[in-house]
Amino acid sequence: MHLRVTFVAAARSSSLLAERFEDDRPLDQAGWDEVQRAAPELVPLAAAELRYCSPTPRSRATGDALGYAPLAQPALRDCDMGRWRGFTLGEAMAREPSAVDAWLSDPRSAPHGGESLTSFISRVGGWLDTRPADDGSRIVAVAEPSVVRAALVYALKAQPSAYWNIDVRPLSTITLTGINGRWNLRLDGVPQRA
């Protein structure tokens, strides 16, 4: 049986410029407002047989606000950023510019003492490949934008460096169809014009 896994990027917990590595802050007011505006299109995904989320406060709050009642999955957590946890990219760059350069240019490096980009992508891909096809064919997972990017890189068998070329906006969705190591990106519908 083929699976249909729809990832929903969590709503925001800060402005883009204030995003922090492994951010554990809850949704901010703008995030709650975004969820309310997107709800008419995203609530129907609650019909999925299995509903998951990253273990972050904003992912769980996004899923709960959309009526998914998601089960937190540790494998869908953000990349372990070691000593950079809680920093913005600019803060990490100001403290350790050569380490940030190494991290951005070599997907196997983990100069922060946490997880390499390659390991992060593999972890998310491993979660994707172990979804139980017998329990239902439709799955929804609310996750951090970084997790959605990692899932795309894994599913498309792209080079890890492609991760840096994927932009995932809050509350955007992507759907992957397939099973265990054989995934396809599915683009649905034409957006309605207001």
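Biologist: Which residues have the most contacts inside the largest nonpolar core?
Modeller: The largest nonpolar core has 38 residues, and those with the most contacts inside it are V5, F7, W84, F120, W127, L128 and L176. A nonpolar core here is a set of buried Ala, Val, Leu, Ile, Met, Phe, Trp, Tyr and Cys residues joined through side-chain atoms within 4.5 Å, where buried means under 20% relative accessible area with a 1.4 Å probe, protein chains only. This is a predicted model, in which local features need pLDDT of at least 70 and side-chain atom pairs count only at pLDDT 80 or more, while totals for chains, interfaces and linings use all residues. Residues are numbered from 1 along each chain as its sequence is written, and side-chain values use heavy atoms, leaving out hydrogens and water.

Biologist: Switching topic, which strand do four bridges join to strand 2?
Modeller: Four bridges join strand 2 (residues 50–53) to strand 4 (residues 138–143), and the two run parallel, with R51 opposite V140; strands pair if DSSP finds at least two bridges between them.

Biologist: What is the bridge partner of Y52 in strand 3?
Modeller: The partner of Y52 there is L71, and strand 3 (residues 71–72) runs parallel to strand 2, joined by two bridges.

Note on methods: Buried means under 20% relative accessible area, exposed over 50%, partly exposed in between (1.4 Å probe, protein chains only).
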